[in-house]
Amino acid sequence: MNKNPFFDQENILAKINATIANIVYIFDLKEGTMSWFNSRLQEIYGYTLDEIQSMGSAYFATVMHPDDVHVLVDAVEKCKRLKDGEVASIEYRFKDKQGNYHWVNDRFTVFSRDENGEVRSALGVATDIDDRKSYEETLKRTIKKLNLSLAAANMGTWEWDMEKNTLTWDEKMYQIHGVVNKTGTNPMEEVWKRAHREDMEIVNVKVQEAGAKKQDFYVTYRVSHDNKEVHHIRCYGKFLDAPGSDSHRMYGVAWDSTEEVMTEMQIAEAKAKMISSTKMAALGEMSGGIAHEINNPLTVIQARAFQLSQMVDANKLEPAKVKQAAESISRTADKIARIIKSLRSFAREGTYDPFEVVPVKQILEETLEFCRTRFYNHGVDVELSEIDPELEVECRLIQIEQVILNLLNNSFDAIQNLSEKWIRIEVKEHGDSIEIAVIDSGNGIPAVIAEQIMLPFFTTKEVGKGTGLGLSISAGIIRSHKGELSLDREAPNTKFVIRLPKLQEEN
(Lines give C-alpha, C1' and ligand atoms only; values in the text may rest on other atoms or scores of the structure.)
Protein backbone atom coordinates (compact mmCIF):
# COMPACT_ATOMS: atom_id res chain seq x y z
CA MET A 1 0.00 0.00 0.00
CA ASN A 2 1.46 3.36 -1.07
CA LYS A 3 2.22 5.85 1.67
CA ASN A 4 0.06 9.03 1.44
CA PRO A 5 2.50 11.98 1.05
CA PHE A 6 -0.01 14.30 2.70
CA PHE A 7 0.45 12.45 6.01
CA ASP A 8 4.18 11.99 5.62
CA GLN A 9 5.84 13.54 8.71
CA GLU A 10 8.91 14.76 6.88
CA ASN A 11 6.73 16.30 4.19
CA ILE A 12 4.62 18.11 6.80
CA LEU A 13 7.69 19.46 8.60
CA ALA A 14 9.20 20.63 5.33
CA LYS A 15 6.04 22.53 4.42
CA ILE A 16 5.79 24.12 7.89
CA ASN A 17 9.44 25.16 7.75
CA ALA A 18 8.89 26.75 4.32
CA THR A 19 5.85 28.77 5.36
CA ILE A 20 6.45 29.71 9.00
CA ALA A 21 7.51 33.34 9.56
CA ASN A 22 9.40 32.54 12.74
CA ILE A 23 12.94 31.32 13.27
CA VAL A 24 13.03 27.64 14.19
CA TYR A 25 16.28 26.31 15.62
CA ILE A 26 17.95 23.48 17.50
CA PHE A 27 20.46 24.54 20.14
CA ASP A 28 23.16 22.16 21.37
CA LEU A 29 23.50 22.66 25.13
CA LYS A 30 26.72 20.64 25.32
CA GLU A 31 28.48 22.69 22.59
CA GLY A 32 26.79 25.97 23.54
CA THR A 33 25.86 26.87 19.96
CA MET A 34 23.32 26.27 17.21
CA SER A 35 23.27 22.89 15.54
CA TRP A 36 20.51 23.84 13.06
CA PHE A 37 18.09 26.64 12.15
CA ASN A 38 15.75 27.33 9.25
CA SER A 39 16.32 29.92 6.55
CA ARG A 40 14.46 32.67 8.43
CA LEU A 41 17.44 33.48 10.65
CA GLN A 42 19.64 34.27 7.66
CA GLU A 43 16.81 36.17 5.92
CA ILE A 44 16.15 38.35 8.97
CA TYR A 45 19.54 38.72 10.67
CA GLY A 46 22.00 37.79 7.92
CA TYR A 47 23.95 34.90 9.55
CA THR A 48 24.60 31.46 8.01
CA LEU A 49 24.82 28.34 10.15
CA ASP A 50 28.56 28.12 9.54
CA GLU A 51 29.05 31.72 10.74
CA ILE A 52 27.11 31.05 13.92
CA GLN A 53 28.94 27.78 14.65
CA SER A 54 32.33 29.40 14.00
CA MET A 55 31.68 31.68 16.97
CA GLY A 56 31.93 28.64 19.25
CA SER A 57 31.61 29.37 22.97
CA ALA A 58 31.70 33.12 22.19
CA TYR A 59 28.27 32.85 20.52
CA PHE A 60 26.35 34.56 23.34
CA ALA A 61 28.91 37.32 23.82
CA THR A 62 29.07 37.97 20.05
CA VAL A 63 25.38 38.22 19.07
CA MET A 64 23.59 39.02 22.32
CA HIS A 65 23.22 42.44 23.92
CA PRO A 66 25.68 42.66 26.85
CA ASP A 67 22.83 43.36 29.27
CA ASP A 68 20.98 40.23 28.11
CA VAL A 69 23.76 37.62 28.13
CA HIS A 70 22.82 36.53 31.65
CA VAL A 71 19.25 35.93 30.41
CA LEU A 72 20.54 33.37 27.90
CA VAL A 73 22.90 31.75 30.42
CA ASP A 74 20.02 31.38 32.88
CA ALA A 75 17.80 30.02 30.08
CA VAL A 76 20.32 27.26 29.31
CA GLU A 77 20.34 26.21 32.96
CA LYS A 78 16.56 26.31 33.06
CA CYS A 79 16.31 24.22 29.91
CA LYS A 80 18.42 21.50 31.60
CA ARG A 81 15.72 21.20 34.27
CA LEU A 82 12.74 21.14 31.87
CA LYS A 83 10.54 18.11 31.65
CA ASP A 84 9.65 16.70 28.27
CA GLY A 85 6.83 18.76 26.76
CA GLU A 86 7.40 21.67 29.15
CA VAL A 87 7.91 25.06 27.44
CA ALA A 88 9.83 28.10 28.70
CA SER A 89 9.97 31.62 27.28
CA ILE A 90 12.46 34.51 27.41
CA GLU A 91 13.03 37.87 25.72
CA TYR A 92 16.39 39.34 24.74
CA ARG A 93 18.14 41.54 22.17
CA PHE A 94 19.89 39.83 19.24
CA LYS A 95 22.48 41.60 17.06
CA ASP A 96 22.18 41.20 13.29
CA LYS A 97 25.11 41.03 10.91
CA GLN A 98 24.99 44.83 10.39
CA GLY A 99 25.38 45.41 14.11
CA ASN A 100 21.75 46.41 14.87
CA TYR A 101 19.98 44.94 17.87
CA HIS A 102 16.50 43.40 17.61
CA TRP A 103 14.13 42.27 20.34
CA VAL A 104 13.31 38.54 20.20
CA ASN A 105 10.73 36.43 22.00
CA ASP A 106 12.12 32.90 22.35
CA ARG A 107 10.03 29.84 23.31
CA PHE A 108 11.95 26.59 23.79
CA THR A 109 11.50 23.02 24.96
CA VAL A 110 13.53 19.82 25.28
CA PHE A 111 14.45 18.33 21.90
CA SER A 112 16.78 15.45 22.85
CA ARG A 113 18.50 13.82 25.81
CA ASP A 114 21.73 11.85 26.10
CA GLU A 115 22.08 8.26 27.36
CA ASN A 116 22.02 9.57 30.93
CA GLY A 117 18.69 11.34 30.43
CA GLU A 118 20.20 14.79 30.58
CA VAL A 119 19.02 17.40 28.10
CA ARG A 120 21.31 17.44 25.13
CA SER A 121 19.52 19.92 22.81
CA ALA A 122 16.60 22.31 22.79
CA LEU A 123 14.08 23.10 20.07
CA GLY A 124 13.11 26.74 19.93
CA VAL A 125 10.92 29.18 18.01
CA ALA A 126 12.17 32.77 17.98
CA THR A 127 9.94 35.69 16.95
CA ASP A 128 11.10 39.21 16.13
CA ILE A 129 9.14 41.56 18.45
CA ASP A 130 10.70 44.92 17.52
CA ASP A 131 7.29 46.37 16.61
CA ARG A 132 5.72 45.22 19.86
CA LYS A 133 8.59 46.60 21.91
CA SER A 134 8.37 49.88 20.04
CA TYR A 135 4.66 50.09 20.87
CA GLU A 136 5.42 49.24 24.49
CA GLU A 137 8.05 51.96 24.72
CA THR A 138 5.69 54.47 23.11
CA LEU A 139 2.99 53.42 25.57
CA LYS A 140 5.39 53.81 28.51
CA ARG A 141 6.38 57.29 27.38
CA THR A 142 2.73 58.20 26.87
CA ILE A 143 1.80 56.91 30.32
CA LYS A 144 4.74 58.78 31.83
CA LYS A 145 3.63 62.02 30.15
CA LEU A 146 0.03 61.39 31.19
CA ASN A 147 1.05 60.81 34.80
CA LEU A 148 3.14 63.97 34.69
CA SER A 149 0.18 65.91 33.31
CA LEU A 150 -2.17 64.45 35.92
CA ALA A 151 0.30 65.31 38.68
CA ALA A 152 0.69 68.88 37.37
CA ALA A 153 -3.09 69.25 37.17
CA ASN A 154 -3.50 67.64 40.60
CA MET A 155 -5.84 65.05 39.09
CA GLY A 156 -6.67 61.57 40.29
CA THR A 157 -7.78 58.58 38.22
CA TRP A 158 -10.53 56.06 38.90
CA GLU A 159 -12.04 52.90 37.45
CA TRP A 160 -15.55 51.56 38.01
CA ASP A 161 -16.49 47.95 37.27
CA MET A 162 -20.20 48.31 36.56
CA GLU A 163 -20.95 44.60 36.78
CA LYS A 164 -19.36 44.16 40.22
CA ASN A 165 -20.11 47.75 41.27
CA THR A 166 -16.55 48.18 42.54
CA LEU A 167 -14.69 51.48 42.39
CA THR A 168 -10.89 51.71 42.27
CA TRP A 169 -8.98 54.89 43.08
CA ASP A 170 -5.37 55.94 42.70
CA GLU A 171 -3.65 57.67 45.63
CA LYS A 172 -4.60 61.18 44.44
CA MET A 173 -8.30 60.27 44.50
CA TYR A 174 -8.01 59.38 48.17
CA GLN A 175 -6.29 62.71 48.85
CA ILE A 176 -8.83 64.95 47.11
CA HIS A 177 -11.69 63.19 48.91
CA GLY A 178 -9.95 63.50 52.27
CA VAL A 179 -9.75 59.72 52.74
CA VAL A 180 -6.83 57.81 54.28
CA ASN A 181 -5.90 54.89 52.03
CA LYS A 182 -5.89 51.92 54.38
CA THR A 183 -6.38 48.20 53.81
CA GLY A 184 -10.07 47.50 53.47
CA THR A 185 -11.06 51.07 52.57
CA ASN A 186 -13.97 51.01 50.10
CA PRO A 187 -13.93 54.07 47.78
CA MET A 188 -17.60 53.60 46.84
CA GLU A 189 -18.64 53.75 50.49
CA GLU A 190 -16.34 56.69 51.22
CA VAL A 191 -17.61 58.90 48.41
CA TRP A 192 -21.24 58.27 49.37
CA LYS A 193 -20.46 58.92 53.02
CA ARG A 194 -18.66 62.22 52.42
CA ALA A 195 -20.49 63.69 49.39
CA HIS A 196 -23.44 66.02 49.81
CA ARG A 197 -26.60 64.02 49.28
CA GLU A 198 -28.32 66.48 46.92
CA ASP A 199 -25.23 66.51 44.70
CA MET A 200 -24.91 62.72 44.58
CA GLU A 201 -28.53 62.30 43.55
CA ILE A 202 -27.77 64.37 40.45
CA VAL A 203 -24.43 62.57 39.90
CA ASN A 204 -26.11 59.17 40.16
CA VAL A 205 -28.68 60.08 37.49
CA LYS A 206 -26.02 61.37 35.09
CA VAL A 207 -23.70 58.39 35.61
CA GLN A 208 -26.50 55.85 35.16
CA GLU A 209 -27.64 57.66 32.02
CA ALA A 210 -24.07 57.67 30.66
CA GLY A 211 -23.75 53.95 31.37
CA ALA A 212 -27.04 53.14 29.66
CA LYS A 213 -26.14 55.23 26.59
CA LYS A 214 -22.45 54.27 26.67
CA GLN A 215 -21.35 57.89 26.55
CA ASP A 216 -19.03 60.24 28.43
CA PHE A 217 -20.18 62.27 31.42
CA TYR A 218 -19.05 65.32 33.41
CA VAL A 219 -20.31 65.99 36.94
CA THR A 220 -19.52 68.16 39.95
CA TYR A 221 -20.18 67.43 43.61
CA ARG A 222 -19.13 68.55 47.07
CA VAL A 223 -17.45 66.44 49.73
CA SER A 224 -16.81 67.16 53.40
CA HIS A 225 -13.37 66.29 54.77
CA ASP A 226 -12.83 65.14 58.34
CA ASN A 227 -11.87 68.71 59.31
CA LYS A 228 -15.35 69.85 58.12
CA GLU A 229 -13.93 71.68 55.10
CA VAL A 230 -16.14 71.47 52.03
CA HIS A 231 -14.31 70.71 48.78
CA HIS A 232 -15.72 70.97 45.26
CA ILE A 233 -14.87 67.95 43.08
CA ARG A 234 -15.15 67.88 39.30
CA CYS A 235 -15.20 64.49 37.62
CA TYR A 236 -15.02 63.29 34.01
CA GLY A 237 -15.76 59.70 33.01
CA LYS A 238 -15.67 57.61 29.85
CA PHE A 239 -17.49 54.34 29.14
CA LEU A 240 -15.36 51.53 27.68
CA ASP A 241 -16.34 48.01 26.59
CA ALA A 242 -13.57 45.42 26.81
CA PRO A 243 -13.32 43.65 23.39
CA GLY A 244 -14.54 40.07 23.57
CA SER A 245 -15.76 40.52 27.13
CA ASP A 246 -19.07 41.14 28.84
CA SER A 247 -17.32 43.47 31.29
CA HIS A 248 -18.57 47.06 31.31
CA ARG A 249 -16.28 49.64 32.84
CA MET A 250 -15.94 53.36 33.23
CA TYR A 251 -12.63 55.17 33.54
CA GLY A 252 -12.05 58.78 34.40
CA VAL A 253 -10.31 61.57 36.22
CA ALA A 254 -11.32 63.87 39.06
CA TRP A 255 -9.81 66.96 40.61
CA ASP A 256 -10.35 69.32 43.52
CA SER A 257 -11.75 72.51 41.98
CA THR A 258 -12.41 74.34 45.25
CA GLU A 259 -10.05 77.22 44.46
CA GLU A 260 -11.45 77.42 40.94
CA VAL A 261 -15.02 77.55 42.25
CA MET A 262 -14.10 80.18 44.83
CA THR A 263 -12.43 82.27 42.11
CA GLU A 264 -15.51 81.95 39.88
CA MET A 265 -17.70 83.09 42.77
CA GLN A 266 -15.42 86.09 43.41
CA ILE A 267 -15.47 87.00 39.71
CA ALA A 268 -19.26 86.71 39.63
CA GLU A 269 -19.49 88.91 42.74
CA ALA A 270 -17.11 91.48 41.26
CA LYS A 271 -19.06 91.43 38.00
CA ALA A 272 -22.33 91.99 39.88
CA LYS A 273 -20.75 94.95 41.68
CA MET A 274 -19.54 96.43 38.39
CA ILE A 275 -22.99 96.03 36.86
CA SER A 276 -24.54 97.66 39.91
CA SER A 277 -21.96 100.45 39.72
CA THR A 278 -22.73 101.22 36.09
CA LYS A 279 -26.46 101.16 36.81
CA MET A 280 -26.07 103.55 39.72
CA ALA A 281 -23.89 105.78 37.55
CA ALA A 282 -26.61 105.84 34.91
CA LEU A 283 -29.24 106.68 37.52
CA GLY A 284 -26.98 109.40 38.91
CA GLU A 285 -26.71 111.00 35.48
CA MET A 286 -30.50 111.04 35.20
CA SER A 287 -31.27 112.00 38.79
CA GLY A 288 -32.14 115.58 37.91
CA GLY A 289 -34.61 114.50 35.23
CA ILE A 290 -36.17 111.87 37.48
CA ALA A 291 -36.64 114.45 40.26
CA HIS A 292 -38.38 116.70 37.72
CA GLU A 293 -40.57 113.78 36.60
CA ILE A 294 -41.73 113.38 40.22
CA ASN A 295 -41.93 117.07 41.11
CA ASN A 296 -44.31 117.91 38.26
CA PRO A 297 -46.95 115.38 39.35
CA LEU A 298 -46.50 116.46 42.97
CA THR A 299 -47.27 120.03 41.92
CA VAL A 300 -50.47 118.81 40.25
CA ILE A 301 -51.46 116.90 43.40
CA GLN A 302 -50.71 119.92 45.57
CA ALA A 303 -52.81 122.18 43.31
CA ARG A 304 -55.76 119.79 43.29
CA ALA A 305 -55.56 119.36 47.09
CA PHE A 306 -55.55 123.15 47.50
CA GLN A 307 -58.58 123.35 45.17
CA LEU A 308 -60.48 120.85 47.33
CA SER A 309 -59.49 122.72 50.49
CA GLN A 310 -60.80 126.00 49.04
CA MET A 311 -64.11 124.36 48.13
CA VAL A 312 -64.48 123.07 51.70
CA ASP A 313 -63.68 126.50 53.18
CA ALA A 314 -66.22 128.14 50.89
CA ASN A 315 -68.74 125.42 51.62
CA LYS A 316 -69.10 124.88 47.86
CA LEU A 317 -68.51 121.14 47.44
CA GLU A 318 -69.72 120.51 43.92
CA PRO A 319 -69.74 116.72 43.35
CA ALA A 320 -68.57 116.95 39.73
CA LYS A 321 -65.59 119.16 40.58
CA VAL A 322 -64.69 117.07 43.63
CA LYS A 323 -64.74 113.93 41.50
CA GLN A 324 -62.65 115.59 38.80
CA ALA A 325 -60.03 116.70 41.36
CA ALA A 326 -59.93 113.28 43.03
CA GLU A 327 -59.47 111.48 39.68
CA SER A 328 -56.69 113.91 38.76
CA ILE A 329 -54.92 113.20 42.08
CA SER A 330 -55.32 109.43 41.55
CA ARG A 331 -53.93 109.51 37.99
CA THR A 332 -50.98 111.67 39.07
CA ALA A 333 -50.22 109.43 42.06
CA ASP A 334 -50.27 106.42 39.71
CA LYS A 335 -47.71 108.15 37.50
CA ILE A 336 -45.39 108.75 40.48
CA ALA A 337 -45.86 105.13 41.58
CA ARG A 338 -44.85 103.90 38.11
CA ILE A 339 -41.69 106.02 38.18
CA ILE A 340 -40.71 104.77 41.64
CA LYS A 341 -41.50 101.17 40.69
CA SER A 342 -39.28 101.47 37.62
CA LEU A 343 -36.49 102.95 39.74
CA ARG A 344 -36.69 100.16 42.30
CA SER A 345 -36.74 97.50 39.61
CA PHE A 346 -33.85 99.03 37.70
CA ALA A 347 -31.70 99.35 40.82
CA ARG A 348 -32.20 95.67 41.67
CA GLU A 349 -29.71 93.02 40.46
CA GLY A 350 -31.40 91.10 37.64
CA THR A 351 -28.70 88.63 36.57
CA TYR A 352 -30.55 85.61 37.93
CA ASP A 353 -34.08 86.76 37.13
CA PRO A 354 -36.09 84.23 35.11
CA PHE A 355 -36.71 85.00 31.47
CA GLU A 356 -40.16 86.39 30.76
CA VAL A 357 -42.04 87.33 27.60
CA VAL A 358 -42.43 91.13 27.54
CA PRO A 359 -43.86 93.52 24.93
CA VAL A 360 -41.02 95.41 23.24
CA LYS A 361 -43.04 98.63 23.46
CA GLN A 362 -43.22 98.29 27.25
CA ILE A 363 -39.43 97.83 27.51
CA LEU A 364 -38.70 101.00 25.56
CA GLU A 365 -41.38 103.18 27.14
CA GLU A 366 -40.32 102.19 30.68
CA THR A 367 -36.69 102.93 29.84
CA LEU A 368 -37.55 106.33 28.34
CA GLU A 369 -39.37 107.24 31.56
CA PHE A 370 -35.94 107.54 33.19
CA CYS A 371 -34.46 110.02 30.77
CA ARG A 372 -37.15 111.78 28.72
CA THR A 373 -37.24 114.90 30.92
CA ARG A 374 -33.45 115.12 31.14
CA PHE A 375 -33.18 114.95 27.37
CA TYR A 376 -35.97 117.55 26.95
CA ASN A 377 -34.27 119.95 29.37
CA HIS A 378 -31.04 119.75 27.34
CA GLY A 379 -32.71 120.24 23.98
CA VAL A 380 -32.39 116.63 22.80
CA ASP A 381 -35.30 115.40 20.69
CA VAL A 382 -36.20 111.75 21.32
CA GLU A 383 -38.19 109.84 18.73
CA LEU A 384 -39.56 106.34 19.18
CA SER A 385 -40.71 104.57 16.00
CA GLU A 386 -44.10 102.92 15.75
CA ILE A 387 -44.04 99.53 17.47
CA ASP A 388 -46.53 96.71 17.08
CA PRO A 389 -48.14 96.30 20.55
CA GLU A 390 -48.18 92.53 19.94
CA LEU A 391 -44.42 92.32 19.30
CA GLU A 392 -42.84 90.48 22.27
CA VAL A 393 -39.42 89.20 23.27
CA GLU A 394 -38.34 86.71 25.93
CA CYS A 395 -35.75 88.37 28.14
CA ARG A 396 -34.65 89.49 31.58
CA LEU A 397 -36.47 92.82 31.56
CA ILE A 398 -34.18 94.72 33.94
CA GLN A 399 -31.06 93.71 32.03
CA ILE A 400 -32.41 94.74 28.62
CA GLU A 401 -33.61 98.07 30.05
CA GLN A 402 -30.09 98.60 31.45
CA VAL A 403 -28.54 98.02 28.01
CA ILE A 404 -30.91 100.41 26.26
CA LEU A 405 -30.48 103.06 28.97
CA ASN A 406 -26.71 102.78 28.64
CA LEU A 407 -26.92 103.33 24.87
CA LEU A 408 -29.25 106.33 25.37
CA ASN A 409 -26.89 107.89 27.93
CA ASN A 410 -23.90 107.34 25.61
CA SER A 411 -25.77 109.04 22.78
CA PHE A 412 -26.77 111.92 25.05
CA ASP A 413 -23.13 112.48 26.10
CA ALA A 414 -21.84 112.21 22.53
CA ILE A 415 -24.16 114.84 21.01
CA GLN A 416 -24.10 117.42 23.84
CA ASN A 417 -21.97 119.88 21.89
CA LEU A 418 -23.66 119.42 18.49
CA SER A 419 -25.99 122.02 17.03
CA GLU A 420 -28.39 119.29 15.95
CA LYS A 421 -29.28 117.01 18.84
CA TRP A 422 -31.62 114.09 18.40
CA ILE A 423 -31.91 110.41 19.33
CA ARG A 424 -34.08 107.95 17.46
CA ILE A 425 -35.07 104.42 18.51
CA GLU A 426 -36.15 102.02 15.77
CA VAL A 427 -37.56 98.52 16.12
CA LYS A 428 -37.63 95.95 13.31
CA GLU A 429 -38.88 92.38 13.20
CA HIS A 430 -36.83 89.73 11.35
CA GLY A 431 -38.55 86.36 11.46
CA ASP A 432 -37.62 84.77 14.77
CA SER A 433 -35.64 87.78 15.99
CA ILE A 434 -36.01 91.48 16.64
CA GLU A 435 -33.66 94.40 16.12
CA ILE A 436 -33.57 97.50 18.32
CA ALA A 437 -31.45 100.34 16.96
CA VAL A 438 -30.40 103.42 18.95
CA ILE A 439 -29.35 106.15 16.51
CA ASP A 440 -28.17 109.66 17.32
CA SER A 441 -27.23 112.78 15.36
CA GLY A 442 -23.51 112.08 15.69
CA ASN A 443 -21.48 111.39 12.56
CA GLY A 444 -20.34 107.92 13.55
CA ILE A 445 -17.32 106.65 15.46
CA PRO A 446 -13.75 106.73 14.05
CA ALA A 447 -12.44 103.31 12.95
CA VAL A 448 -9.60 103.29 15.51
CA ILE A 449 -12.04 103.84 18.38
CA ALA A 450 -14.66 101.50 16.91
CA GLU A 451 -12.18 98.60 17.07
CA GLN A 452 -11.84 99.00 20.86
CA ILE A 453 -15.19 100.38 21.90
CA MET A 454 -16.54 97.06 23.24
CA LEU A 455 -13.41 96.33 25.30
CA PRO A 456 -13.62 96.58 29.12
CA PHE A 457 -12.37 99.87 30.63
CA PHE A 458 -12.08 101.58 27.25
CA THR A 459 -13.76 105.01 27.25
CA THR A 460 -13.56 108.26 25.33
CA LYS A 461 -15.25 110.22 28.10
CA GLU A 462 -13.37 112.63 30.31
CA VAL A 463 -11.80 111.39 33.55
CA GLY A 464 -14.37 110.79 36.26
CA LYS A 465 -17.31 110.59 33.88
CA GLY A 466 -17.07 107.11 32.41
CA THR A 467 -15.85 103.74 33.70
CA GLY A 468 -15.43 102.13 30.31
CA LEU A 469 -17.56 99.20 31.43
CA GLY A 470 -20.96 100.19 30.05
CA LEU A 471 -20.66 98.79 26.52
CA SER A 472 -18.60 95.79 27.63
CA ILE A 473 -21.21 94.79 30.22
CA SER A 474 -24.04 95.54 27.80
CA ALA A 475 -22.49 93.30 25.15
CA GLY A 476 -22.14 90.53 27.76
CA ILE A 477 -25.80 90.87 28.77
CA ILE A 478 -26.94 90.61 25.15
CA ARG A 479 -24.72 87.56 24.58
CA SER A 480 -26.30 85.92 27.63
CA HIS A 481 -29.60 86.40 25.77
CA LYS A 482 -28.11 84.61 22.72
CA GLY A 483 -28.07 87.94 20.89
CA GLU A 484 -25.57 90.49 19.64
CA LEU A 485 -24.76 94.14 20.31
CA SER A 486 -22.90 95.82 17.47
CA LEU A 487 -21.95 99.17 15.98
CA ASP A 488 -23.28 99.74 12.45
CA ARG A 489 -20.26 101.29 10.75
CA GLU A 490 -22.08 101.75 7.45
CA ALA A 491 -24.78 104.03 8.91
CA PRO A 492 -24.46 107.80 8.19
CA ASN A 493 -25.05 108.54 11.88
CA THR A 494 -23.90 106.80 15.04
CA LYS A 495 -25.97 103.63 15.28
CA PHE A 496 -25.84 100.78 17.80
CA VAL A 497 -27.92 97.70 17.07
CA ILE A 498 -29.27 95.10 19.51
CA ARG A 499 -30.32 91.80 17.94
CA LEU A 500 -32.30 89.39 20.11
CA PRO A 501 -34.13 86.11 19.45
CA LYS A 502 -37.83 86.40 20.20
CA LEU A 503 -37.68 83.25 22.31
CA GLN A 504 -34.80 81.75 24.30
CA GLU A 505 -34.03 78.16 23.31
CA GLU A 506 -34.12 75.74 26.21
CA ASN A 507 -30.70 74.37 27.26
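Start by selecting Arg499 and Glu435: they form a salt bridge, with the closest N and O atoms 3.4 Å apart. This is a predicted model. Arg499 sits in strand 17 and Glu435 in strand 15 (residues 433–440), so the pair ties together parts that are 64 residues apart in sequence. Now show the surface. Arg499 is partly exposed, at 34% relative accessibility. Glu435 is buried, with a relative accessible area of 11%.

Next, go to Lys502 and Glu429. Their side chains meet in a salt bridge, 2.3 Å from N to O. This pair, too, links distant parts of the chain: Glu429 is in strand 14 (residues 422–430), Lys502 is in the segment after strand 17 (495–501), and 73 residues separate them. Which residue of this pair is buried? Lys502 is, because its relative accessibility of 19% falls under the 20% cut-off. Glu429 is partly exposed, with a relative accessible area of 47%.

Now move to helix 6 (residues 130–152) and pick Lys133 and Glu136. They lie three residues apart, about one turn of the helix. Their side chains meet in a salt bridge of 3.6 Å, N to O. Check accessibility again. Lys133 is buried, at 15% relative accessible area. Glu136 counts as partly exposed, at 26%.

Together, Glu91, Arg132, Lys133 and Glu136 are linked in a network of salt bridges.

Last, zoom out. How many salt bridges does a search of the whole structure find? The search finds 28. Among them are Arg499 with Glu435, Glu429 with Lys502, and Lys133 with Glu136.

Definitions and conventions. Residues numbered from 1 in each chain as written. Predicted model: local features only at pLDDT ≥ 70, side-chain atom pairs only at ≥ 80, totals over all residues. Heavy atoms only, no water. Salt bridge = Lys/Arg side-chain N within 4 Å of Asp/Glu carboxyl O. Helix = DSSP H or I, 4+ residues; strand = E, 2+ residues; numbered from the N terminus. Buried < 20%, exposed > 50% of the residue type's maximum accessible area, 1.4 Å probe, protein only.
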